[in-house]
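Here is a quick tour for someone meeting this structure for the first time. Have a look at it, and then we'll go through it piece by piece.

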Amino acid sequence: MTEIQPFENAEALAALHHRCFDRPWAAESFATLLGPDWRVALAARGADGAIAELDGFIMVQHVADEAEILTLAVAHQARRTGLATRLLSAASLWLAARGVQHWHLEVAADNHPALALYRRFGFVETGRRSAYYENVDAVLMQRDLSNQL
């Protein structure tokens, strides 16, 4: 089983993001986001351990006791293996260790696999942003971490 750990290679994060999303982030965006101790990318490397071949990653940030999932990406070959749930679990432990009580995210309303994943992980819908993603609503979700550990 691949270990999930902090990861700071902006080019590799951007490469996987590019393979997973229609509107991917550039390596420069990841480089700008990485660094502060209140933000982390946790990644699972490919089976061969190659830096350039990530199986998946999650990027989160926190301020005080609130956190946000910035993005989560899983390579096509690693989907339906439980990796996304493992990434969410690793992130929740990282956040809980820093005193985070609640975390939230937004996801496109037509991204049914992601919505199902987040609901299974205990996130609940708290609102919507109309036509946020080019005529697709953003679903706002939140999860309580205060009773996790």
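## A hairpin to start with

Let's begin with strand 3 and strand 4, which pair in the antiparallel sense over 8 bridges. Strands here are DSSP runs of E with at least two residues, helices are runs of H or I with at least four, and both are numbered from the N terminus. Two strands count as paired if DSSP finds at least two bridges between them. Strand 3 and strand 4 make a hairpin with 2 residues between them, and Ala64 in that turn has a positive phi of about 55 degrees. Val63 has Glu66 of strand 4 as its bridge partner.

A word on the background: this is a predicted model, where local features need pLDDT of at least 70 and side-chain atom pairs count only at pLDDT 80 or more, while totals for chains, interfaces and linings use all residues. Residues are numbered from 1 along each chain as its sequence is written, and side-chain values use heavy atoms, with hydrogens and water left out.

Zooming out, 7 strands form an open sheet in the order 1-2-3-4-5-7-6, with mixed pairing. Strand 1 (4-6) and strand 6 (124-133) sit at the edges with a single partner strand each, so one side of each has no neighbour in the sheet. On average, neighbouring strands of this sheet are turned by 25 degrees against each other, direction ignored. Angles like this come from lines fitted to C-alpha atoms (for helices, over the stretch in contact) and run from 0 to 180 degrees between N-to-C directions.

Strand 1 pairs with strand 2 in the antiparallel sense over 3 bridges, and Gln5 stands opposite Ala43 in strand 2. Strand 2 and strand 3 also run antiparallel, joined by 7 bridges, with Arg39 opposite Gln61 in strand 3. Further along, 7 bridges join strand 5 (residues 102-108) to the antiparallel strand 7 (residues 136-144); there, Trp103 faces Arg143 in strand 7.

How enclosed are these strands? Buried means under 20% relative accessible area, exposed means over 50%, and partly exposed is in between (1.4 Å probe, protein chains only). Strand 2 is largely enclosed too, because 6 of its 7 residues are buried.

## Helices across the strands

Helix 1 (residues 10-20) lies across strand 2 (39-45), strand 3 (54-63) and strand 4 (66-74), at about 105 degrees to strand 3. Contact here means heavy atoms within 4.5 Å. Helix 4 (residues 112-120) lies across strand 4, strand 5, strand 6 and strand 7, running at about 160 degrees to strand 5.

## The largest pocket

Which residues lie nearest the centre of the largest pocket? They are Phe21, Leu72, Val107, Asn111 and Ala114, out of 37 lining residues. On a 1 Å grid over the protein atoms alone, a pocket is an open set of points with protein on both sides within 12 Å along at least five of seven lines, a cavity is a set where a 1.4 Å probe fits but cannot get out, and lining residues have an atom within 4 Å of a point.

Helix 1, strand 4, helix 3 (83-96), strand 5 and helix 4 each supply at least two residues of that lining.
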